[in-house]
Amino acid sequence: MAPSPPADSRVLAHVDMDAYYVEVELLTQPELRGRKIIVAQDSGRSVVLSASYEARADGVRSAMPLARARQMSPDAVVVSPHMEVYRELSRRIMAYFDTITDAVEQLSVDEAFLDLTGSLRRLGGPAEIGQKIRREIREEFDLPATVGIADRKFIAKIASTRAKPDGLLLVPPHRRLEFLHSLPVTAMWGVGGKTAESLKAFGITTVLQLAETPEPALRRRFGVTGTALHRLAWGEDARDVQPHRIEKSIGAEETFAVDVDDEAVLRAELLRLSHRVAARLRESGVSAEGISLKLRYSDFETLTRSSTLSHPTHSALAIYSRLLALLERLGERPQPVRLIGVRAERLVDEGGSLQLSFDRTETNWLDAESALDAIAKKFPQVQTAPASLLRARKEEP
């Protein structure tokens with residue numbers, strides 16, 4: 001295998017389909033173009049899967065409860081999703097990307113990284129290839145796409161976000177820091193609302209301020225998250241585009257030897273399964289956007305409940321917290337539980353979905369989980385688990 005080119009000589013593109021679910025629906029319902037559109041199952045407990053830019057102007061966002069979205073945009077049209085159509089079109093779009101380069105890293109149904117370095121001689125300069133991609137996606141699929149191009153994956157991702165909708169933004173290597181340091185810190189990959197609030201409380205509102213803050217100070221205040229953000233603020237990201245197939249989900253389940261009606265036992269098993277699933281997510285280099293809980297009662301009746309996470313994660317703590325909420329929502333169980341299961345869903349590549357948290361509990365927990373991963377890898381004969389689970393095993397008769 002040929003060695004990877006130096007980071008500064010790479011040409012990486014992030015291609016993101018604009019309001020993908022909405023635009024696919026407009027292919028068969030063109031009369032809705034220009035209207036406020038929400039793609040969601042039309043029921044009281046559903047969430048928004050996608051929204052047109054007209055609806056987004058009212059504040060509607062993906063993963064928002066549909067009831068709240070209706071309040072914010074009462075004149076929006078709710079369109080039922082057609083997931084099989086989205087997946088089939090995605091398959092064809094990814095096949096088109098393969099004609100541009102053999103290095104395509106699919107992040108989700110509607111976005112991918114492309115390493116264009118080896119395509120320059122055949123297809124032209126970076127901007128020329130970016131325009132070609134946008135033009136040919138429009139011609140072949142009648143869909144808009146935005147392209148960000150840079151020599152760093154996360155900068156290409158930021159560039160595509162800044163160029164939306166239906167645009168192209170090229171960030172040359174010599175203007176990398178100029179581009180980054182001109183941005184508000186909220187434009188950074190992984191900086192959400194809570195993270196931005198934490199940074200602001202520390203006196204940081206721009207990427208330049210983040211870069212100029214000494215790394216040891218950020219590390220003391222925010223742990224590994226502070227170090228990671230400081231490195232990104234200086235454009236440090238040497239990761240290559242890594243072609244791979246996206247795993248649809250990662251799960252684990254346990255069938256009890258004796259049916260269980262003890263709440264403490266169910267919670268302990270959920271914690272154990274959360275760690276198993278989170279470890280597999282980290283090993284696979286992916287994070288989950290959603291989580292589901294499965295319960296099978298003694299009469300074999302099976303229930304499944306799903307939830308969208310606030311941000312993609314591979315943290316057992318975040319997964320377990322959401323599972324407990326799902327379990328509590330089920331209320332009093334009519335009979336003992338025969339099987340309990342956990343499934344991480346809508347998996348995305350860590351590089352394309354980086355979400356850093358300044359919640360000290362989550363940061364510390366991730367540090368501990370990563371340490372457990374390292375111990376288990378180095379000493380496979382040693383059994384590692386949270387102390388509460390080890391105590392529970394000790395107390396078992």
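**Talking through the labels in a predicted model**

Colleague: Where does M83 sit?

Modeller: M83 belongs to helix 4 (residues 83-100); helices are DSSP runs of H or I with at least four residues, strands are runs of E with at least two, and both are numbered from the N terminus. This is a predicted model, where local features need pLDDT of at least 70 and side-chain atom pairs count only at pLDDT 80 or more, while totals for chains, interfaces and linings use all residues. Residues are numbered from 1 along each chain as its sequence is written, and side-chain values use heavy atoms, with hydrogens and water left out.

Colleague: Thanks! Why is M83 called partly exposed?

Modeller: Buried means under 20% relative accessible area, exposed means over 50%, and partly exposed is in between (1.4 Å probe, protein chains only). M83 has a relative accessible area of 30%, so it is partly exposed.

Colleague: And what makes S50 buried?

Modeller: The relative accessible area of S50 is 5%, so S50 counts as buried. This residue lies in strand 3 (residues 50-51). Leaving aside neighbours within four places in sequence, S50 has contacts (heavy atoms within 4.5 Å) that include A19, Y21, I37 and R56.

Colleague: How do you know that F202 and F222 are edge-to-face?

Modeller: A pair of aromatic rings is described by the distance of the centres and the angle of the planes. Rings of Phe, Tyr and Trp (its six-membered ring) pair if their centres lie within 6.5 Å; planes under 30 degrees apart count as stacked, over 60 as edge-to-face and the rest as tilted. By this rule the count is 5 aromatic pairs. For F202 and F222 the centres are 5.4 Å apart and the planes are at 80 degrees, so this pair is edge-to-face.

Colleague: Nice. What does the pair tie together?

Modeller: F202 is in the loop between helix 9 (193-201) and helix 10 (207-212), and F222 is in helix 11 (residues 215-222), so the pair ties together parts that are 20 residues apart in sequence.

Colleague: Are these two buried or partly exposed?

Modeller: F202 has 27% relative accessibility, so F202 is partly exposed. F222 has 5%, so F222 is buried.

Colleague: How many residues of the chain score at least 70 in pLDDT, as a percentage?

Modeller: That is 84% of the residues, and the chain averages a pLDDT of 85; pLDDT is the predictor's confidence in each residue, from 0 to 100. Over residues 390-397 pLDDT stays under 50, and the model has 4 contacts beyond four places in sequence for them.
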